[in-house]
Amino acid sequence: MILTVTLNLALDVTYQVPGVDWDGVNRVSAVHRRAGGKGVNVARVLAALGHDVLVTGLAGGPTGRAVEADLRAAGLPAALHPIAGDSRTTLTVSDLPASGTTPPAEPTASGDPRPAPTGEPGSDGEPGSAGAAGEARTALFNEPGPEVTADELAGFLRHFESLLDAADAVVLSGSLPRGVPADTYAALAAVAAGKGVPAIVDADGDPLRHAPKGRPAIVKPNAEELARAVPGGSPAEGAQALRGQGAQAVVVSMGAEGLLAVTGEGTFRARMPYTVRGNPTGAGDSLVAGLALGLVEAEPWPARLRRAAALGAAAVATPVAGDFDPDVYADIHPQIIIT
């Protein structure tokens, strides 16, 4: 079982608006409302792949109850810890079609495809490029989340430790609500490690900078998050720096340029054969789901990265975070180049 932790749970609302007038009034063609937050998106992907999951985190107020109801309706097992404050809502506005891909890029003389640049945002504001002028765009609006008291956080820590007894791995991802210290993911990863449960941390800012202290199995920033956490130097140098601080492995997502993994077994690159166009919200979460599966199944790094990169690309082809397109996954998976 993979335990996913979302301390800043959300009710995700997605508006699909073809041809958005960003300065005017728009008519929404489709609305999606579902439980969200990065850990919930990871759990959805894992469940769709047939793996046992358990969702935990902090939930409160009417929005928290709506999140719990949606998790029940989706058949996602959950053990949430109650708080007094109201959980947050996020809003995604997208003028993208439901899915789409561009043809494979022309290979270079070395046979190394060069896909066009595109972003790979995740559901908690993982930044990416809007692409070339005239392309469809997606805007994400995240509320800060509730204020969490010290007693509520202490109660969650006891709750989390009890859930580890049945877990084979834990995913700690997303932003932290107000009142939760920036080193909380490091503390949770250390508790998990003490029980022999490997942890993956997907975070930004101070939570990312603190994460290696908990000796997680994998830290997964995107390129911009890594640059903020370790200013100056290349992605490989930044990843090596996080490893030097305690992370066992660092996997950097770089949008259409694929993945960079700096591990105890060496440095690996996963290169994409072509660019998938669509809604990049949640792509990073699908990628993390692939890494978590590889971790519990003890896959070698090349296979682990190929699956993770393919899931991230397949998520872009769907309109809502937490989903992935199985046809895109099946097509792109064998074409990803690992060096």
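Guide: What follows is a short tour of a predicted model.

Visitor: What makes up the protein, in helices and strands?
Guide: The protein has ten helices and 16 strands. Of its 339 residues, 55% are buried. The protein exposes about 13300 Å², and carbon and sulfur atoms supply 53% of that area.

Visitor: Why is T6 called buried?
Guide: Buried means under 20% relative accessible area. T6 has a relative accessible area of 2%, so T6 is buried.

Visitor: Where is T6 placed, and which residues does T6 touch?
Guide: T6 lies in strand β1, residues 2-6. Leaving out residues up to four places away in sequence, T6 touches G36, G37, K38, G39, V40, T56, G57, L58 and S173.

Visitor: How do you know that the span of helix α9 agrees with what it should be?
Guide: Helix α9 covers residues 301-316, which is 16 residues. At 1.5 Å a residue, α9 should span 22 Å. The end C-alpha atoms of α9 are 23 Å apart, which agrees.

Visitor: What makes α9 mostly covered?
Guide: In α9, 13 of the 16 residues are buried.

Visitor: In what order do the four strands of the open sheet stand?
Guide: The order is β3-β2-β6-β8, with mixed pairing. Strands β3 (30-36) and β8 (138-142) stand at the edges. Each has a single partner strand, so one side of each is left without a neighbour in the sheet. Neighbouring strands of this sheet are turned by 15 degrees against each other on average, direction ignored.

Visitor: Why do β2 and β6 count as paired?
Guide: Pairing needs at least two bridges. Seven bridges join β2 (residues 10-16) to β6 (residues 88-94), so these strands pair. The two run parallel. D12 stands opposite T90 in β6.

Visitor: Which strands does helix α1 touch?
Guide: Helix α1, residues 38-48, packs on the sheet and touches β2 and β3. The direction of α1 makes about 100 degrees with that of β3.

Visitor: Where does helix α2 lie?
Guide: Helix α2, residues 61-74, lies across β2, β3 and β6. It runs at about 95 degrees to β3.

Terms used
Residues are numbered from 1 along each chain as its sequence is written. This is a predicted model: local features need pLDDT of at least 70, side-chain atom pairs count only at pLDDT 80 or more; totals for chains, interfaces and linings use all residues. Side-chain values use heavy atoms; hydrogens and water are left out. The expected span of a helix is 1.5 Å times one less than its number of residues. Buried means under 20% relative accessible area, exposed over 50%, partly exposed in between (1.4 Å probe, protein chains only). Accessible areas come from the Shrake-Rupley method with a 1.4 Å probe; for residues, only the protein chains shown count as cover. Axes are lines fitted to C-alpha atoms, for helices over the stretch in contact, and angles run from 0 to 180 degrees between N-to-C directions. Contact means heavy atoms within 4.5 Å.
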